[in-house]
Each structure stands twice: as structure tokens, then as C-alpha cells.
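Subject: Two-chain model, handover and notes

Hi,

Here is the model for your files. My notes follow below it.

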Amino acid sequence: MRNKCLDTIYKLAQNNKKIIFIGSDLGPNVLDTFKKKIPSRFFMEGVSEQAIVGIAAGMAMEGYMPFVNTISTFLTRRCYEQIVIDLCLHNLPVKLVGNGGGLVYAPLGPTHQAIEDISIMRVIPNMAIVAPCDSIEMEMLVKDSVNFKSPLYIRIAKGGEDIISSKKEKFKIGKGILKKKPGKILFISTGVMTQIALKAAVEIEKNKKLKCGVLHMATIKPLDEKILSLWIPRVEKIITIEENVLAGGFGSSILEFVSTNFSNHAGKISRLGLQDQFIDKYGSQDELFKDNGLTVENLCNLVLK
Amino acid sequence: MLKELKVKLDSRSKLLRKSIVRALFSANRGHFGSSMSLVEILRVLYDNVVFFDCKNPKHEKRDRVILSKGHGCLALYAILADKNFFKIKEFDTFLKLNSILGGHPESSKVPGIEASTGALGHGLPLAVGIALSLKLKKNNSKVYVILGDGELNEGSNWEAMMSVKKHKLDNLKIIIDYNKIQSNDFVKNVLDLEPLNKKFSSFGFDVSEVNGHSISELKKNFLNFKNKKTKKSSVTICHTIKGKGFKEAENNPNWHHRNSFTKDEVKIINKSLL
């Protein structure tokens, strides 16, 4: 997903002279071709996230469209005030491309595990967030991001994940995709959690004969209120799934929406996500999924509870 | 150094200070000392150095001026009103509910304000991004960013300075309003900046120091930057007096921000402007 994202940025930059890439201190050879072919719009500015976000804002003020890329935790936590003031208060078209959203950097510990990036980005006025479910969707949304004129946080999740999207689907920032039509049960998921949701939905139908739908919301903010309004009243049970702390995260945003617009339906929602604590183990991302209940099995159990 | 800074204010410097005082009295509060130390720096920039168009504040060929120490905004408002970016009567609305003039400047509200500032340590990175962009666009405009001394406590400035050096940004002028006092106390007591000149030199800057209230020194220094072709980035340390122009306020840490002016203070301040 990460390679696809960066390749797409390079491809777009070849034809769009406004596009700029700014990295902090990324691994060797990242976007080497970009650096060689378009050196004037390729910047690697060192471990200085505060300055980098400010520099990107300055470039956007002059009409450029910077894509800023580094590890999610550093890109969201370290330079939060720069994101709030330089990007969001000025409402500039800068894309923050966060590597390792969620538990991707499992073995590197809590300094690198972006467990609350969705929550802290979501509360900033003018900020939008996308968390694609696979590399196809990543490519399509990065392409669409060129038309997006406000700050955007692009959350890159797992690498080498399954492909569950098809290029025939309609990808657009701000639009949800119904991956599987619901019966009485609906999973609303974001990022790679949609992969778990789809597997769980199939499992439940097969074993329990319960029709279970999956609504994938790659755009966490702004919420696609239209698609939510269409499906929420039609189902009996909803479970939101996210690779983020429950506090203030994706599920919270669904609850807020339902509380405002469909208050009678709030009771049918439950949320699956990370608890209000730092991750205290290493291992792999999959192992941490298991350890934190972000599994097909746990999702099935929640439905049948 | 401070003794050498005793410059008698001329009528134009007093006029700009009158505007600032008009706003301060209207709201009965504001960053008094922080604005007064800046007046001559901004006056010289706008009177003699930068290109601007008040009818088209976003003119592509304009020079970009960013007041990173946003709390000194009253001085910037004063010169912008003087240059007809907006009407001076706006000063009577300073800090009021629907005013365009807030306690820190906002680019979405005030014509001529390049960037919204107020949280410190933001202006220089923005200026670096702008300066890099101007070079990419082959636009010869210059970028002037004014930082406070206390503001240099913020690490983001030093991060950005490394980028200034790396990219040889000779179209960027960093101006330090070195009035030696920050919010809490004298800078040397809070977090000493000295040796400041050496700090900048070691970052690769061409450093000059001027009396920040001397019109001739400022003019010579800024025009030298504007007209001189150099591949070195440059910093001007402007030695200034916080609260300049008002005896009670000068070099007095209690006048960084003031509210509830007493009748006596109003009288003394007005008298200073005669």
C-alpha cells in the first residue's frame, strides 16, 4: 500500500508541476526515481517534522501541492500545532501521508504505533482523513486527492495486504462503499479492518445463516452522511471496526452522527477498536490484532452475543 | 548596547505609535511593549524596502512579510492602515467581537497579512516554504520574516534554519526584534540567547546587527540585502527597546502585555506622543 501510494504520487507529479514531495528522513532509496527525475520538487528535510509541515504550508500558500511523508506517529504527534495552525487554520491543500497507521510498526513499540492518529486528526477543523483498505483504493484515492483543496491525512496501513477492491468501484474522497449488502447486521469499517469485516461477514452467513453487510468508509472525515443515512435505519445491529483507540476514533464519529441524526438507533451500535491504553507488546501487526481483539473470530462473537 | 539605542522618535514614528495607542485604549488591553519595539523595523520595510499593492494584496510580485511574533501585530496593523490596506477607523474595533483586528493577526481577515501567526516558532518555517516556492517559480520577490527574541526558544526555528542553509535561500531575510525581554522576564534570565550572533553565524548565516530604532541603519541594512547578490542567507539582529517611546514602559517586563490602563497612564502615554 505504501509503495503504491508513493508511486502514484510520483506518477501524478510527472504531469502536475504543482506537486511536491517532502520527506523527513525516510529509508534509503525511497522515491529515488522522483529524486532523480524531478529533483527540484523532491525534498528530504531531515528529522524536523515541525519545520517540514510549516515549509509545506508555505509552499501551499504559493500555490503548490505538497505531499509530506513520514511515520504516522511523528507526522501527527510531533507537529500537531503546525498541523492545526499552519495547515488547517489556513485551510491549505497539503497531504500528510502517514506510514504505519495503526499497529503496522508493532515490533518498534509505542513510540511508533499510531494508535490515536485518527482521533487527534479528526478533531481539527478543516482536516480530512482517508484510510484506504488496500493498494488499489490507495492509488485511486491518492489520484483523487489532487482535486481536494483542504488538508488531508492519508493513513497508510499494512503492506502486502489482500486486495479487496476492484478498479470498477467508485472511489472518491468523502464517499463510502457498500462492500456487501446487509441483512439485519452491518459492519462499518475503515482501513484494513474492512478486510476483517468482510471475512467475518462471510463466516457469519455461512455458519449462522445471518445476512451481514459491510460498509467501508475509507474517508473517516468528512463522513459520507448520505450512505450512512441510507443504511443505518435499515439494519438491526451495527458494529464499527477500527485499528485505533475507541476514544474519539472512527466508531465515535459514527456514534456522534447517529446521535445527532438517528438518535433512536444509537442503541444498536457497538464498537470494536483499541482500548484506552498503550500497546505493551511487540510481535507482528497480526499478533497485535489478535492480542487486541481485532480478529474475524472476535467480530463473529460480537455479532452473536 | 541599550544606551546606544536612544534614538529620538520623529513625527512619523510617533504617528504610527499613535495608531497603536488608539487601538490599545479602545480595547483597554494589548501587547504594548512587543509592538512598540517593532515600529521602526516595519516602517522602514514598508516605506523603503518591500514592494506591495494595497489594492491587490496578493500581487504575485509582492515581497512577502511575515510577522512571526504575531503578538506584535498592532505595529503591523498600524503600518498596513497607513499604507491604505484598510481604514484606520478599524483600530477602534480592536479585539471586539466582529473586528478584523484580533490580538494576533489573521490572514483570512486582514488585507496585507501574509500568514496567521500568534503561536510562536511558525513564521520561519512558513517563510522557508515561501522562499523555496518563489525560487521554483523563478519569482524574484523577497521574503522578510520577523521573529521575536523570546520566540527563538522554539526549536522549530532552528530546524527551519538548517533548511535555509541547505537551500541557500538568499531571497529570505530573517529579522530579529531583539528587545531583550520576553513575557516572564528579561530573556537572559528566562533562557539566555547569547551569544546570538555566533549562533546564527554557526548556522551559516550572514549576520548583521543594527540599532532597530535607527531609520538610517535599518534602511541601509535592508536595502543592502535587497540589492546585493549573495548566495548566503542573512539575519539582521535588530537591537530594540521594548516599549520604545514611552518612558514608563521602556525595558519594563511588566509592559509586555497590558490591560486596564489607569487615567494617569493614559495621560502619560498621550503626552509622550506630543
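A residue is buried if 20 or more other C-beta atoms lie within 10 Å of its own, exposed if 12 or fewer, and partly exposed in between, with C-beta atoms placed from the backbone. Helices (DSSP H or I, at least four residues) and strands (E, at least two) are DSSP runs numbered from the N terminus.

This is a predicted model, in which local features need pLDDT of at least 70, side-chain atom pairs count only at pLDDT 80 or more, and totals for chains, interfaces and linings use all residues. Residues are numbered from 1 along each chain as its sequence is written, while chains are lettered from A and ligands numbered from 1 in the order in which they are written.

Confidence: the predictor gives the complex an ipTM of 0.96 and a pTM of 0.97.

Chain A overall

Chain A has twelve helices and twelve strands. Its C-alpha atoms fill a box of roughly 60 × 40 × 35 Å along the principal axes. Of its 305 residues, 53% count as buried. The domain assignment (bounds from an automatic or database assignment) gives domain 1 (2-155) and domain 2 (177-304). Their centres, taken over C-alpha atoms, are separated by 26 Å.

Contact here means that the C-beta atoms of two residues, placed from the backbone, lie within 7 Å. By that rule, 25 residues of domain 1 of chain A are in contact with 30 residues of domain 2 of chain A. On the domain 1 side, the elements giving two or more residues are helix H6 (117-122), strand S5 (128-130) and helix H7 (135-145) of chain A.

Helix H7 of chain A

H7(A) is largely enclosed by the rest of the structure, because eight of its eleven residues are buried. These are Ser135(A), Glu137(A), Met138(A), Glu139(A), Met140(A), Leu141(A), Val142(A) and Ser145(A). Their cover includes helix H1 (2-15), strand S4 (95-99), S5 and strand S6 (152-155) of chain A.

Between the chains

What does chain B bring to its side of the interface with chain A? There, 21 residues of chain B are in contact with 21 residues of chain A. Helix H5 (123-136) and helix H6 (155-166) of chain B are the elements that give two or more residues to that side. H5(B) supplies the largest share, ten residues.

Val145(B) touches Ile66(B), Ser68(B), Gly123(B), Leu124(B), Ala127(B), Ile174(B) and Ile175(B), leaving out residues up to four places away in sequence.

Backbone points to check

The bond from Lys221(A) to Pro222(A) is cis, with omega near 0 degrees. Pro222(A) is in the loop between strand S10 (219-221) and helix H9 (225-231) of chain A. The bond from Glu194(B) to Pro195(B) is also cis, with omega near 0 degrees. Pro195(B) lies in the loop between helix H7 (187-191) and helix H8 (196-202) of chain B.

Then phi. Asn126(A) has a positive value near 80 degrees, in a residue other than glycine. Asn126(A) sits in the loop between H6 and S5 of chain A. It has 15 C-beta neighbours inside 10 Å, so it counts as partly exposed.

Best wishes
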